[in-house]
Amino acid sequence: MGNFVLEGFKYLYKSEEGDEVLLDLEDWFSNKGRVPFHDYFDNITVSTLILNNLDAHSSFCGSDQMISRYDICFGMLDTMFIREHTRSKDAKHITEYGASNDYIQKHFLNILSELKPESEYSKGCDERKSDMVVVNGVGKCPEPEAAVHKAYENLKDGGLLLAMCIGDTSLRQEMERAFPNEKKYLLAPDCAIWKVRKKDERNYCTE
């Protein structure tokens, strides 16, 4: 199990296996987005987007007090989402699959409103190939195998799949079955985040 921390100008995932830099705010030339890593005039920055969402997390969750306790997990997911967007000037097509709640969607749309408002975000009914897919395991998913399969199938080659599961759910079990060798981050005993870059169909375990 690891921790999501900010050290200096780096957002890190720290675990027994070592430190992984999720976002380096000193890597100036990697940022092709419209929001800067730093600003000396108190304008909005990438860190502002992350911190604002941490502050707004409870309101995004409404009456769901259990999910409101996972603000750091959502903060790390936000950071990974932002990093993908800073690597390109182009708008992205993003599709979410899995649970029907809007917790992740609220986080990501709040970021996109500043970072890349021309990007599109849809919920599972869009048949176009996506630059990024999000698997929402924050709640019950009635057809986990279909959701994970659909998410991966609709992802463009080179695209990124991000997934977050809270609790020992059937969707978490399906993610672990489908992507046994892909990167998984544990932030709590019952919270896991996956990052899967689509290379070819061999990434997906169909057995």
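## Helix pairs and buried glutamates

Helix 5 (residues 144-153) and helix 6 (residues 170-178) have axes that come within 9 Å and cross at roughly 50°. The model from which these values are computed is predicted. An angle under 35 degrees would count as roughly parallel, and one of 65 to 115 as roughly perpendicular; helix 5 and helix 6 are therefore oblique to each other. The crossing in which helix 5 passes helix 6 is right-handed.

On the side of helix 5, the residues that meet helix 6 are P144, E145 and V148, and their partners in helix 6 are S170, L171, E174, M175 and A178. Sorted by class, this contact of helix 5 with helix 6 has five nonpolar residues, one polar residue and two charged residues.

A further pair is formed by helix 1 (residues 46-61) and helix 4 (residues 103-115), whose axes come within 10 Å and cross at roughly 145°. Helix 1 likewise passes helix 4 in a right-handed crossing. Helix 1 contributes L49, N53, H57, F60 and C61, which meet Y103, K106, H107, N110, I111, E114 and L115 in helix 4. The residues of this contact divide into six nonpolar, four polar and two charged.

The axis values of the two pairs are set out below.

| Helix pair | Axes come within | Crossing angle |
|---|---|---|
| Helix 5 and helix 6 | 9 Å | roughly 50° |
| Helix 1 and helix 4 | 10 Å | roughly 145° |

Attention now turns to two glutamates. E96 lies in strand 4 (residues 93-98). Buried means under 20% relative accessible area; E96, at 2% relative accessibility, therefore counts as buried. Leaving aside residues up to four places away in sequence, E96 touches N101, I104, Q105, Y121, S122, K123, G124, V134 and N136. With one of these, Y121, the side chain of E96 makes a polar contact of 2.6 Å. E96 can also be placed relative to E174: the two are 78 residues apart along the chain, and their C-alpha atoms are separated by 16 Å.

Residues up to four places away in sequence not counted, E84 touches K92, M132, L160 and R197. The side chains of E84 and R197 are joined by a polar contact of 2.8 Å.

Technical notes
Residues numbered from 1 in each chain as written. Predicted model: local features only at pLDDT ≥ 70, side-chain atom pairs only at ≥ 80, totals over all residues. Heavy atoms only, no water. Axes fitted to C-alpha atoms, helices over the stretch in contact; angles between N-to-C directions. Helix = DSSP H or I, 4+ residues; strand = E, 2+ residues; numbered from the N terminus. Parallel < 35°, antiparallel > 145°, perpendicular 65-115°, else oblique. Left-handed = near helix turned anticlockwise from the far one by under 90°. Contact = heavy atoms within 4.5 Å. Nonpolar A, V, L, I, M, F, W, Y, C, P; charged D, E, K, R; others polar. Buried < 20%, exposed > 50% of the residue type's maximum accessible area, 1.4 Å probe, protein only. Polar contact = N/O pair within 3.5 Å; in protein donor to acceptor, adjacent residues only side chain to side chain.
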